[in-house]
Amino acid sequence: MSDAKWNPEWDRFIQIVRQEVKPALGCTEPVSLALASATAAAQLSGKVERIECFVSPNLLKNGMGVTVPGTGMVGLPIAAALGALGGEAAAGLEVLKAASPQAIAEAKAMLAEERVCVRLQEPCSEILYARACVYTADSHASVTIEGDHTRIVRIEKQGETVFQRSCEVGESSEDPLAVLSQTTLRAILAFIEQAPFERIRFILDAGRINDALSREGLAQEWGLHIGTTLQKQCDRGLLANDISTSIVIRTSAASDARMGGAALPAMSNSGSGNQGIAATLPVVVLAEFLGEGDERLARALMLSHLSAIYIHHQLPRLSALCAATTAAMGAAAGMAWLMDGRYDTLASAIGSMIGDVSGMICDGASNSCAMKVSTSVSSAWKAVLMALDETAVTGNEGIVAHDVEQSIANLCALACRAMQATDRQIIDIMAHKV
């Protein structure tokens with residue numbers, strides 16, 4: 001394709017994918033707090049004596065039960081401690097990638113000595129909020145993150161503000177995600193079919209990174225080890241050794257490793273490693289099965305990831321709706337395109353998924369996320385097979401509409417409005433566990 005035919009909207013699409021699809025080591029909610037803690041510690045000299053943190057209810061929900069890479073421990077306190085003692089503030093979502101065994105040992109000692117505390121920020125209007133206050137013997141600094149996992153809005157040292165993000169009215173207009181409010185799945189499909197391969201080949205990194213995580217998940221029994229368990233049952237003949245099983249096993253294994261604390265990054269989507277895994281591996285597995293080359297794989301991955309971002313953009317950043325489902329809707333689009341390339345096929349597949357897995361709740365990041373990921377990608381492949389046979393959940397059924405764009409809007413309306421009460425109930429149940 002010549003540059004003369006380049007659509008300026010496509011530059012925004014590429015910018016969006018580069019912004020929303022990036023490596024993340026560990027669950028992004030604890031990592032967000034670790035980043036705040038590391039950034040605060042970087043303002044200070046001397047030994048860190050104690051850490052005090054405040055987080056939003058949704059960040060607490062997603063940080064209570066997930067393993068922090070390299071530590072074998074779950075929860076936000078170890079993330080905050082390790083961020084301050086061994087974090088690399090400039091590394092963003094990979095803030096913990098260089099944490100040394102000594103830093104890990106020191107972080108565990110801080111917890112044992114009760115020198116780290118994490119509390120709910122009350123009141124809190126932000127869905128995603130983390131503030132870390134780090135103290136040495138004679139100084140202190142605090143860092144606040146709001147709205148996005150790496151969006152630092154304030155840095156204070158000795159009580160004085162040294163950085164304040166501008167909150168001008170026009171700030172949101174600079175967000176490349178704003179273009180998604182005026183686009184459609186058809187426009188995304190046109191982009192991935194016509195864009196020059198060299199402009200989008202970077203998305204192949206998602207396949208490489210998440211496939212490495214999947215292989216790690218199959219090499220050891222991480223988390224609930226769903227991938228290895230299903231592989232054993234496949235070897236015993238209790239599961240068919242086919243493409244459907246391969247999609248579930250390889251995708252689940254990556255989530256197993258990520259949630260179980262493997263020290264490998266996931267290529268995330270919309271701030272979530274599991275969403276990135278769900279949007280990536282089904283497409284990779286099917287492309288391998290079909291014998292596709294890099295270009296076809298890149299176009300399918302770009303369709304999957306951008307569709308997942310497009311749907312998730314209409315949702316709160318964190319909510320009661322399990323976003324592995326919407327990420328897998330992106331995978332359904334990518335797989336449908338690999339199979340026959342027609343818009344109607346991918347639209348039908350997404351619609352059927354909305355009729356299938358729209359009620360799956362998010363009850364916090366934990367090893368069980370791999371169960372939800374496996375369910376979501378299984379639904380995606382089932383929906384694709386149905387669409388190929390020209391059958392789908394129709395607009396006469398439930399929240400599914402005759403038009404896929406309206407179906408997506410209906411799903412997102414549930415998460416944005418009706419499921420807010422569900423989210424509060426989930427958080428209340430989790431917060432009162434013994």
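Keep in mind that the model is predicted.

Start with helix α6, residues 185-194. Its buried residues are Leu185, Ala187, Ile188, Leu189, Phe191 and Ile192. What do they pack against? The partners are α1, α7, α12, α13, α14 and α16.

Now the rings. There are 3 aromatic pairs. Take Trp6 and Trp10. Their ring centres are 5.4 Å apart and the planes stand at 90 degrees, so this pair is edge-to-face. Both Trp6 and Trp10 are buried.

Next, Trp10 and Phe191. Here the centres are 5.8 Å apart and the planes are at 55 degrees, so the pair is tilted. Trp10 sits in α1 and Phe191 in α6, so the pair ties together parts 181 residues apart in sequence. Phe191 is buried, as is Trp10.

Arg199 lies over the face of Trp6, 4.2 Å from the ring centre. Elsewhere, Arg296 lies over the face of Trp337, at 4.4 Å.

Gly273 lies in helix α11, residues 273-290. Buried or exposed? Gly273 is buried, at 0% relative accessible area. Beyond its sequence neighbours, Gly273 touches Arg258, Ala266, Met267 and Ser268.

Then Ser142, in strand β7, residues 140-146. Ser142 is buried, with a relative accessible area of 10%. Leaving out residues up to four places away in sequence, its contacts include Ala40, Cys133 and Arg154.

Conventions. Residues numbered from 1 in each chain as written. Predicted model: local features only at pLDDT ≥ 70, side-chain atom pairs only at ≥ 80, totals over all residues. Heavy atoms only, no water. Helix = DSSP H or I, 4+ residues; strand = E, 2+ residues; numbered from the N terminus. Buried < 20%, exposed > 50% of the residue type's maximum accessible area, 1.4 Å probe, protein only. Contact = heavy atoms within 4.5 Å. Phe/Tyr/Trp six-rings, centres within 6.5 Å; stacked < 30°, edge-to-face > 60°. Lys NZ or Arg CZ within 6 Å of the ring centre and 35° of its normal.
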